[in-house]
Amino acid sequence: MANKRNIKKAIKLACGTIACQCINAEDLFGGDESKWSEIIVDALLLQENSLARVASLRFTDKPGEYANGREYRKARRAYFKAAIKSLSDFMSAEAAKIADKMNELMPEKA
């Protein structure tokens, strides 16, 4: 598992990039400013929710609950792998929704 610090940095970078793309697109293409602002807020909420999910990651089992250290590490690894997969799926789905909203505001090709 990548450590939590690197996961948090990646989340902040991804959501910041989405917000920056919205600001750039608004400047380039214009459109309804309130809708662009709504998309930026969605990106910030995505960041907030994702960071909260990372902060709540805790494997609460104790090593003494397993027959040996190998089984404990295996269970711990499986827990974090599933948690990171869940976070990744959540981020991908939400980012796709945000991208769809951005595409709706883009002007049609002439």
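Which residues are buried in H2?

The model is predicted, so local features need pLDDT of at least 70 and side-chain atom pairs count only at pLDDT 80 or more, while totals for chains, interfaces and linings use all residues. Residues are numbered from 1 along each chain as its sequence is written, and side-chain values use heavy atoms, with hydrogens and water left out.

**Exercise 1. Identify the buried residues of H2 and state what they pack against.**

Step 1. Helices are DSSP runs of H or I with at least four residues, numbered from the N terminus. H2 covers residues 33-55.

Step 2. Apply the burial cut-offs: buried means under 20% relative accessible area, exposed over 50%, and partly exposed in between (1.4 Å probe, protein chains only). The buried residues in H2 are Trp-36, Ile-39, Ile-40, Ala-43, Leu-46, Gln-47, Ser-50, Leu-51 and Val-54.

Step 3. These buried residues pack against H1 and H3.

Step 4. Take Ser-50 as one case. Its relative accessible area is 0%, and therefore Ser-50 is buried. Contact means heavy atoms within 4.5 Å. Leaving aside residues up to four places away in sequence, Ser-50 touches Ile-11, Leu-87, Phe-90 and Met-91.

**Exercise 2. Determine how H1, H2 and H3 are oriented towards one another.**

Step 1. Two packed helices are described by the angle between their axes and the distance between the axes. Axes are lines fitted to C-alpha atoms, for helices over the stretch in contact, and angles run from 0 to 180 degrees between N-to-C directions. Angles under 35 degrees count as roughly parallel, over 145 as roughly antiparallel, 65 to 115 as roughly perpendicular, and the rest as oblique.

Step 2. The axes of H1 (residues 4-29) and H2 come within 9 Å and cross at roughly 180°. H1 is therefore roughly antiparallel to H2. For residue classes, Ala, Val, Leu, Ile, Met, Phe, Trp, Tyr, Cys and Pro count as nonpolar, Asp, Glu, Lys and Arg as charged, and the others, Gly among them, as polar. The contact of H1 with H2 has 16 nonpolar, three polar and five charged residues.

Step 3. H1 and H3 pack at an angle of about 5°, with their axes 11 Å apart. H1 is therefore roughly parallel to H3. Residues making this contact include Ile-11, Cys-15 and Ile-18 of H1 and Leu-87, Met-91 and Ala-95 of H3. By class, the contact has 12 nonpolar, one polar and no charged residues.

Step 4. The axes of H2 and H3 come within 10 Å and cross at roughly 175°. H2 is therefore roughly antiparallel to H3. Among the residues that meet are Trp-36, Ser-50 and Arg-53 in H2 and Phe-90, Glu-94 and Lys-101 in H3. This contact of H2 with H3 has 12 nonpolar, three polar and six charged residues.

**Exercise 3. Classify two of the aromatic pairs and state which cluster holds their residues.**

Step 1. A pair of aromatic rings is described by the distance of the centres and the angle of the planes. Rings of Phe, Tyr and Trp (its six-membered ring) pair if their centres lie within 6.5 Å; planes under 30 degrees apart count as stacked, over 60 as edge-to-face and the rest as tilted.

Step 2. The structure holds four aromatic pairs. Tyr-66 and Tyr-72 are 5.7 Å apart, centre to centre, with 65° between the planes, an edge-to-face pair. Tyr-66 is partly exposed at 22% relative accessibility, whereas Tyr-72 is buried at 16%.

Step 3. The ring centres of Tyr-79 and Phe-80 are 5.1 Å apart and the planes lie at 75°, so this pair is edge-to-face. Tyr-79 is partly exposed at 31%, and Phe-80 is buried at 6%.

Step 4. One aromatic cluster is formed by Phe-59, Tyr-66, Tyr-72, Tyr-79 and Phe-80.

Conventions: Helix = DSSP H or I, 4+ residues; strand = E, 2+ residues; numbered from the N terminus.
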